[in-house]
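Hello,

Here is the structure you are taking over. Please open it first, then read the notes below it.

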Amino acid sequence: MTEAVTTVTASLNKFEKFKAEKDGLAVKAEIEKFASIGWEAMDETDRDHRLKWVGVFFRPVTPGKFMMRMRMPNGIVTAAQMRVLAEVVQRYGDDGSADITTRQNIQLRGIRIEDLPEIFHKFHTVGLTSVQSGMDNVRNITGDPVAGLDADELFDTRELVQQIQDMLTNKGQGNPEFTNLPRKFNIAITGGRDNSVHAEINDLAFVPAFHEYGEVGRLGDGEKDFTPTPYNSSSKVFGFNILVGGFFSAKRCEAAIPLDAWVSPADVVAVCRAVLEVFRDHGLRANRQKSRLMWLIDEWGLEKFRSEVEQRLGKPLLPAAPKDEIDWEKRDHIGVYKQKQPELNYVGLHIPVGRLTAEDMFEIARLADVYGNGEIRLTVEQNVIIPNIPDSRLVLFLAEPLLEKFSIDPQPLRRSLVSCTGAQFCNFALIETKNRALNIIKALEEDLELTRPVRIHWTGCPNSCGQPQVADIGLMGTKARKNGKAVEGVDIYMGGKVGKEAHLGTCVQKGIPCEDLQPVLRDLLIQHFGAKPRQEALVTH
Ligand code: SRM
Ligand code: SF4
């Protein structure tokens, strides 16, 4: 290392330092070695940090039993892939399980380092990848869970999402161009009307919007011919308005803001590349608490940021279309729905807090093969959709025993329940989340009658992986005090709005001990969401 480089790295924070010393992706070539020496003999930085570049997370809560985070572009997984994932966790017995994540993705649990070479080999055979899914990389790219099925969609996002992932990851092989970002980065793209991806909480999001043909010609680069596509009408061109800078962190949460730019679908991948290059080369790296994209936009101002993106893109961006097409309330897709293809249906199954056993995964794969076309979709609410079920097979499908566990018509509170990982596996957690969330919901459902779903999101710490700010009622783990003692508690968020006119909720109560939470939630549900105590409801009827 030259003297100049040594001086620079000496002043870097711990993360920038180890990235400068050795790129995270370098561990890809060392998997065999790690497998043979075992996790205890590994270099700690490789084990605790760099392995995340291939999606493998050391869990201090369960040392030796790693977590693997996949990439599932647009939340789509085939039955064959699901079976491979099931086989991987099955061999770990009670330690093996999987979670559907709030980014339409799957994480596997119980993974042993000695099995990694075989696991990666299996992934390769079915086209799965976990590359660049953690640390300073772009997370799973979200898209409409019913893309290509929804008769009302404006654009089918599947191919674009895949193209962005391929660009970022060099088709799953790993792409060193984007493995040293200043911080994590989230991308979402939606072509439906209900903002199914929570566009507003992503660093970069694309939302559907039409420009007038004349406008595009006038504002665009001269003679450019905007080829009509199935998405364009005779007078309007389909494209996306761009939002930037949305993020949650322990220090600060912001909804994304309009970049005042519109792109045609053909330019979306190039715009992603341009934004990422700007972020990579100019994003703030000194303080990790201030490294997400919005901090750079704050420092530069939106105008300068936009023009840097244009420079990388090599052409000007068109101004945003006057309005976007997000004009529906958000759907949860649980239940049976007609597809745009005649005589076909998609069925959304409710997966309580997203947790799956190996058996569940095999069974979901079997149902997708037997009744559908072997395809499975995941939602950001941690649920599963099985598409392409013919009308003629629907009755039999609905009688399958798995639907008793994963209901198509769950009670209103559990229906919209979302929870992050929490203390069971996550060492940032201040509280246990998933099991507690289910227990409290069960008790509330026994006590209260509700006529509509209430979206309750649990998150174990201020990192907000469970997105409490988008919920009707968001619960964020904290340390509370009771009778002079520190106990597990929550801060309560309310007012999150999803779908059209989405906006973030805010903290309304702080430090409620978890053991006192149930009556507090009961009151909120009665006061704000029309819940009625079951006894009272019986009398009124
Ligand atoms: Fe997250 C870190 C789990 C979605 C904000 N998140 C973590 C880690 C990796 C921490 C760790 O090493 O233990 C958690 C792994 C725990 C485990 O064992 O499962 C973790 N995050 C999750 C998941 C699994 C929650 C879930 O149960 O669904 C989600 C995985 C998504 C995926 O498939 O990639 C998950 N995390 C989110 C989201 C929601 C979203 O993207 O819509 C957020 C808020 C949005 C955002 O990032 O702007 C989120 N996670 C964070 C942060 C705070 C980031 C920051 O800028 O400070 C951290 C901490 C960090 O990165 O330093 C974090
Ligand atoms: Fe872990 Fe906190 Fe994220 Fe929950 S919110 S998964 S506790 S980092």
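In what follows, a residue is near a ligand if its C-beta atom, placed from the backbone, lies within 6 Å of that ligand. Please keep in mind that this is a predicted model.

**The ligands**

Start with ligand 2. It has 13 residues around it. Nearest to ligand 2 are Cys420, Cys426, Gly460, Cys461 and Cys465. By class, the shell around ligand 2 holds six nonpolar residues, seven polar ones and no charged ones.

Now ligand 1. Here 31 residues form the surroundings, and Thr101, Asn105, Ser249, Thr421 and Cys465 are the closest. Two elements each give two or more residues to this shell: strand E2 (66-69) and strand E9 (247-248). The shell around ligand 1 divides into 11 nonpolar, 12 polar and eight charged residues.

**Two helix pairs**

Look at helix H5 (residues 79-90) and helix H6 (residues 116-126). Their axes come within 9 Å and cross at roughly 170°. An angle over 145 degrees counts as roughly antiparallel, so H5 is roughly antiparallel to H6. From H5, the contact uses Ala80, Gln81, Val84 and Val88. From H6, it uses Ile119, Lys122, Phe123 and Val126. By class, this contact has six nonpolar residues, one polar and one charged.

The second pair is helix H10 (residues 293-300) and helix H11 (302-313). How do their axes cross? They come within 6 Å and cross at roughly 110°. That makes H10 roughly perpendicular to H11. Leu296, Ile297 and Trp300 in H10 meet Leu302, Lys304 and Phe305 in H11. This contact has five nonpolar residues, no polar ones and one charged.

Glycine 301 follows H10, and its phi is positive, near 90°.

**Two loop residues**

Is lysine 52 buried or exposed? It sits in the loop between helix H4 (44-48) and strand E1 (56-57). Lysine 52 has 21 C-beta neighbours inside 10 Å, so it counts as buried. Leaving aside neighbours within four places in sequence, lysine 52 is in contact with Gly24, Phe57, Gly134 and Met135. Glycine 24 is 28 residues away in sequence, yet 7.7 Å away in space, C-alpha to C-alpha.

Glycine 530 lies in the loop between helix H17 (517-529) and strand E23 (532-533). It has 13 other C-beta atoms within 10 Å, so glycine 530 is partly exposed. Its C-alpha atom is 8.7 Å from that of glutamate 449, 81 residues apart along the chain.

Best wishes

Conventions
Residues numbered from 1 in each chain as written. Chains lettered and ligands numbered in written order. Predicted model: local features only at pLDDT ≥ 70, side-chain atom pairs only at ≥ 80, totals over all residues. Helix = DSSP H or I, 4+ residues; strand = E, 2+ residues; numbered from the N terminus. Nonpolar A, V, L, I, M, F, W, Y, C, P; charged D, E, K, R; others polar. Axes fitted to C-alpha atoms, helices over the stretch in contact; angles between N-to-C directions. Parallel < 35°, antiparallel > 145°, perpendicular 65-115°, else oblique. Contact = placed C-beta atoms within 7 Å. Buried ≥ 20, exposed ≤ 12 C-beta atoms within 10 Å, placed from the backbone.
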